[in-house]
Structures are given as structure tokens and as C-alpha cells.
Amino acid sequence: MTLTINRTYPIDITKAAVSHISSVNFDELQFGKVFTDHMFEADYLDGKWTNCAIKPLAKIELHPATSALHYGQAVFEGMKAFKTTDGRPMLFRPDANLARLNESCVRMAMPEIPEELFMDALHSLVRLDQDWIPDTEDGSLYIRPFVFATDDFVGIKPSDTFKFVIFCCPVARYYAKPVRVYMQQEFIRAFPGGTGGVKAAGNYGATMMPLMHARKMGFDQMLWIDGVTHNRLQEIGTMNVFVQIDDTVITIPTTEGTILKGITRDSCLQLLRDNGFKVEERDVTIEELIDAHRSGRLHDAFGTGTAATVAPIGVIGYKDQEYTLPPVEDRKVSNWLKKELWSLRKGLRPDTYGWMQEI
Ligand SMILES: Cc1ncc(COP(=O)(O)O)c(C=O)c1O
């Protein structure tokens, strides 16, 4: 069946003949490996977004000279839809993801996505695939919007044509255990003036080799250190980092442009500040972190991100030492944040911030 929504960016909708939802075991979802029935696709041609379509999920055919594959003009987002306990499908802060996507597009010389196009595409796609939003305790629908350069051209110049795509994955909990992170000073993720502050695909490509080494040593993720002083914490692979030293909750400032402005980070900061926690946005050095651990003042450390929400850090590795953090059940801040965000997303706590958007 083909339907057209008549707006500035009309979307042709072709529904899948058969849903494959009944073949999926929602109790054993592996993150990022299961995909819903449909996807959204649009093209940027002659200076405007066109060919907007929702269709059955399928491979994208590309010319071998597609410029994103060679020169990395590609950006993406990660966001989630949840089902409240009374069964309403809701998006969490989609306006914040759109703002960040457009910030990424501007930095990478790519066209911005108009709000109407983004919201129509997102709502139409998630509405169509809403049965895929797990209503399990930890389940949600992970949504991946992305934009990439499509000129068939060999040579360094900004592309004139682009594709904007959205697909979705039903997901469960990201980390089953506290995260083991590793700090080192040799490989650097982001520098001032670079692209660390936006979600450019290449930022992640450059982290794979150090990450592979850290995984061989038994760690889950890198805790990146800055490339100017080689001493200041930046962020974890796909999460911002928070530490609690004494009674102060500290997270790293994003003003240098080297750290992604996490939407979960911002949500946690607002919740903490509005509920009387002592909060600081400031740099933390490796020495301060290790000193706080040695003197028993490092009470909590956790990562925040869309995929993992609030993930307690179990161990911080540095050189040949492992610094083990207090048991998860003793963590006041991360446990409180996790519960607050969960209650909000499940509709069990009033949405005083207007973060949840009904589909
Ligand atoms: C590098 C990096 N830092 C932090 C985050 C957390 O951002 P958010 O809370 O918006 O998911 C992400 C995930 O998007 C990320 O990729």
C-alpha cells in the first residue's frame, strides 16, 4: 500500500508485505543486531531534500566512488523511543537530537535537516514500527538517523548530494555488568578545533585500533584523555563521564569542542541540579582521579549515553594498575539518576521538563 502525507516534504509510504516481528525473541535482543520492518530515506539533490520515502528495510546501492566512503563526510545520531507502562509510545528529547545532528552537519559542510522533515520522518517511521518498541523492563527502540555524502566523485571537495536515512533497532540493556574503562595517553580521540564535539562518523573510526587493544586487555571501553596536556579526562567511547568525589558530582565541560554534548549528560545535570546535588562542570586530571580513589573519596563514577543510559564504571585501568570502584549497590548518584530517568521514560514520574514527546 502506498500513502502520501501531503506536507512540505511529502513522504511516500510503502508498507512491508509481511512483518518479521514474530521471528524475534524480545527477551534476548543483542544490541544493534535486530532491525524493524521499515526505514526512511531522502535525497539531497539540486539544493533541496526530496524523494522522501518510508519503505521496507533494504540495502542501499552505492556507486564505488560515493564520496562518504572515501572522504568521510558522514554524520549520525542515536536516540530512543520508549513505551510507557500504560502502553503509549514516546520519543525522548528528539528536538535535542535534531539540534545536534544539524550542528554535526554544519561542521562537516553538509546540508541541515529541516525540523519538519526530521520530525515527520521520525514520527511516521516510529508510528509504523511502534509494535517493535519493547515493553520489557529495560527495553527501548534505538533510532539511528544519519546523513552521508553521495557524490560519485574522486577528489577532495564538499559533496553536492547527500542521503538522509533513519532505521530502528529494538534493544535491551547495553551493559549487563559495571563497565571496565581504560585510560592511556598515546592515542587521542579529539583535539580543540577538530570534530570531537560533533557526531562525525570518522571520530569513531579513529578509535577502533586503541579500543581493540583495550579489549584484548579485558576492558570494555576507552576513557579518553586530552591531546594538549595528556592529563585531562575527556569522555568514554560512546558516553560522557561523571565522577563523585566526596559529595560533589563532577562532569567534564564541553566548551573546548572536544567532547560530545550528550543529551543524557544534559538531562542528568538538570536532574542533579534541580534535586539539590552539588554539581561541578570542570576538568578532572588523571592524578586527581587516582588520588581520590587512593584516599577513598571516589564514591561513584559512571558513563551517560543514549545506548547505555547510566552505566556504572566498575574498574578504571591506567598503565598496569586497575582501580576498582565501590560496589554498584552503594552508589547513591548513579542509582538515583538511573531510576529517575527510567521513571520518566516509563511515565511513572511527571515529565516536568517536557522531554517526552508522544508519537
Ligand atoms: C562520543 C560520545 N560521547 C557521548 C555520548 C552520549 O551522548 P547522548 O547522551 O546524547 O547519547 C555519545 C553517544 O551518542 C557518544 O558517541
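Residues are numbered from 1 along each chain as its sequence is written. In this predicted model local features need pLDDT of at least 70, side-chain atom pairs count only at pLDDT 80 or more, and totals for chains, interfaces and linings use all residues, while side-chain values use heavy atoms, without hydrogens and water.

Visitor: How far apart do the C-alpha centres of domain 1 and domain 2 lie?
Guide: Domain bounds here come from an automatic or database domain assignment. That assignment gives domain 1 as 2-171 and domain 2 as 179-345. Their C-alpha centres are separated by 28 Å.

Visitor: How much area is buried between domain 1 and domain 2?
Guide: Buried area is the accessible area (1.4 Å probe) that two parts lose on being put together, summed over both. Carbon and sulfur atoms give 59% of it. In domain 1, Phe 76, Phe 92 and Arg 100 lose the most, together 32% of what that side buries. The total is about 1,900 Å².

Visitor: Which salt bridge joins Asp 266 to another side chain, and what is its partner?
Guide: A salt bridge is a side-chain nitrogen of Lys or Arg within 4 Å of a carboxyl oxygen of Asp or Glu. Between domain 1 and domain 2 the count is 2. For Asp 266 the N to O distance is 2.9 Å, and the partner is Arg 93.

Visitor: Which element gives the most to the side of domain 1 that touches domain 2?
Guide: Helices (H or I, at least four residues) and strands (E, at least two) are DSSP runs, numbered from the N terminus. Strand 5 (74-76), strand 6 (79-83) and helix 2 (94-107) each give two or more residues to that side. With 6 residues, the top contributor is helix 2.

Visitor: How many residues apart are Arg 88 and Glu 358?
Guide: The structure holds 24 salt bridges. In one of them the side chains of Arg 88 and Glu 358 meet at 3.7 Å, N to O. Arg 88 sits in the loop between strand 6 and strand 7 (89-92), and Glu 358 in strand 19 (residues 356-358). The separation is 270 residues.
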